[in-house]
Amino acid sequence: MAAGTPDLAAPREAYRRKKSTRTNYELYGWVFMRASGVVLLVLIFGHLFVNLMVGDGVHAIDFAFVGGKWTSPFWQVWDLLMLWLAMIHGTNGVRTIINDYAERDTTRLVLKLALYLAFTIVVVAGTLVIFTFSPCPVGADPSLLPSVCFS
Amino acid sequence: MTATLENPATEVGTVPSFEVTLRVRRYSPESEHGEESTWDEFTVTAHGTDRVLDALHKIKWEHDGSLTFRRSCAHGVCGSDAMRINGRNRLACKTLLKDVNPDKPITVEPIKGLPVIKDLVVDMEPFFASYREIMPFLITSGNEPSKERIQSAEQRERFDDTTKCILCAACTSSCPVFWTDGQYFGPAAIVNAHRFIFDSRDDGATQRLEILNDKEGVWRCRTTFNCTEACPRGIEITKAIQEVKRAMIRRAF
């Protein structure tokens, strides 16, 4: 560069969207949020009503109540649906929030990995509990067990 | 015979005048402040009919010639002078001083989310890049007709609202999703895509919907309505974005 000429900044790189992703992923995500929201309203309020209002209400909840409920496939499916829909709905919501607020790519990656790890742990543990739950553990106090254990 | 002014300038006094203070955000990498941006206060005499742009002119012409801002037509048509006035995106040429509480200092900043070049001038390139990506031109297929492409009044009405965009970037730079990383297409690009997607003469709707189905497309809209509030042309932007979303869902299912 000749002496005396001012230092000019190099021409900037042209603005570029980082990468284009033209799949229907975000579309299905968006529709899922609405659909699962409606289903969750029914599931959660049904759950609350049955557990807290019907019969003795909140005082009836003990080991026998929960164990008895999970001997029925209907409540197993209900609770499984509630667990999965709520976890996917919530995880997708937090994923969106991370996308909106995390400014650096590394922050975004770390937060999302933590989120997906938490999701996996809760869903796997919850599903296992619903399906492998034993309502009549051997050697337990009979007064605490649901009635299905004695029939 | 030359024309003479019947009423000399004494009549100006009939419009009430007042003192107004403007706090302007300054940024000039060549100044002693370097990369820091600073606030400068200017007090000017203004009339009840003056706009923020008139006050900025007065500052530039009579107080500090180094103040830099864009303006072209100065009448709300060209879209050059979008800026953040008292925390809201507006056109300086369409905002009367008396409407933004001249009793307190009026803050004037560059629009957010785009790189500032100097004072109130920002680099609009990312904004226009998104605009170009949605292909803002008529796309047709088949043979060229030998006469005009006829359209009914109802068909024109369908996209009338979104034809009013002047590309001032007030909407896009008011969007909190755009502020984060500037990757979101932004309301303005979607509005201009809407203008062609719903045009009965246009055959490029599928391509445009495909483009806006991107991870950074319409699905990043959180319907916060900042864009609708910021638009100096009163375009119902959030509604237009929702209509584009609906068109995509119809296409997918």
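User: How do I read the way two helices pass each other, say α1(A) and α3(A): is the crossing left-handed or right-handed?

Analyst: A crossing is left-handed if the near helix is turned anticlockwise from the far one by less than a right angle, and right-handed if clockwise. In this predicted model, α1(A) passes α3(A) in a left-handed crossing. Helices (H or I, at least four residues) and strands (E, at least two) are DSSP runs, numbered from the N terminus. Residues are numbered from 1 along each chain as its sequence is written, and chains are lettered from A and ligands numbered from 1 in the order in which they are written. Because the model is predicted, local features need pLDDT of at least 70 and side-chain atom pairs count only at pLDDT 80 or more, while totals for chains, interfaces and linings use all residues.

User: At what angle do the axes of α1 and α3 of chain A cross?

Analyst: Axes are lines fitted to C-alpha atoms, for helices over the stretch in contact, and angles run from 0 to 180 degrees between N-to-C directions. Here helix α1 (residues 25-52) and helix α3 (residues 73-101) of chain A have axes that come within 9 Å and cross at roughly 140°. Angles under 35 degrees count as roughly parallel, over 145 as roughly antiparallel, 65 to 115 as roughly perpendicular and the rest as oblique. That is why α1(A) and α3(A) are called oblique to each other.

User: Which residues make the contact between α1(A) and α3(A)?

Analyst: Two residues are in contact if their C-beta atoms, placed from the backbone, lie within 7 Å. From α1(A) the contact includes A:G29, A:M33, A:L40 and A:H47, and from α3(A) it includes A:W78, A:L85 and A:N92. For classes, Ala, Val, Leu, Ile, Met, Phe, Trp, Tyr, Cys and Pro count as nonpolar, Asp, Glu, Lys and Arg as charged, and the others, Gly among them, as polar. This contact has 11 nonpolar, 6 polar and no charged residues.

User: Now chain B. How are α2(B) and α5(B) arranged?

Analyst: Their axes come within 9 Å and cross at roughly 25°, and α2(B) and α5(B) are therefore roughly parallel to each other. The crossing of α2(B) and α5(B) is right-handed. On the α2(B) side are B:F127, B:S130, B:Y131 and B:E133, which meet B:A188, B:A189 and B:N192 of α5(B). By class, that contact has 4 nonpolar, 2 polar and 1 charged residues.

User: Is α5(B) enclosed or open?

Analyst: A residue is buried if 20 or more other C-beta atoms lie within 10 Å of its own, exposed if 12 or fewer, and partly exposed in between, with C-beta atoms placed from the backbone. In helix α5 (residues 187-197) of chain B, 11 of the 11 residues are buried, so α5(B) is largely enclosed by the rest of the structure. Its buried residues pack against α2, α6, α7 (226-230) and α8 of chain B. Across chain B, buried residues make up 41% of the 253 residues.

User: What does B:I211 touch?

Analyst: B:I211 is in helix α6 (residues 205-212) of chain B. Leaving out residues up to four places away in sequence, B:I211 touches B:E133 and B:I134. B:I211 is partly exposed, because 19 other C-beta atoms lie within 10 Å.

User: How is chain B divided into domains?

Analyst: Domain bounds come from an automatic or database domain assignment. Chain B has domain 1 (16-122) and domain 2 (125-139 + 155-252), and 28 Å separate their centres, taken over C-alpha atoms. Where the domains meet, 14 residues of domain 1 are in contact with 14 residues of domain 2. Strand β4 (residues 88-91) gives the largest share of the domain 1 side, 4 residues.

User: And how many residues of chain B are in contact with chain A?

Analyst: 16 residues of chain B are in contact with 14 residues of chain A. On the chain B side, α2 (125-133), α4 (176-181) and α8 (237-252) each supply at least two residues. That side has 7 nonpolar, 3 polar and 6 charged residues.
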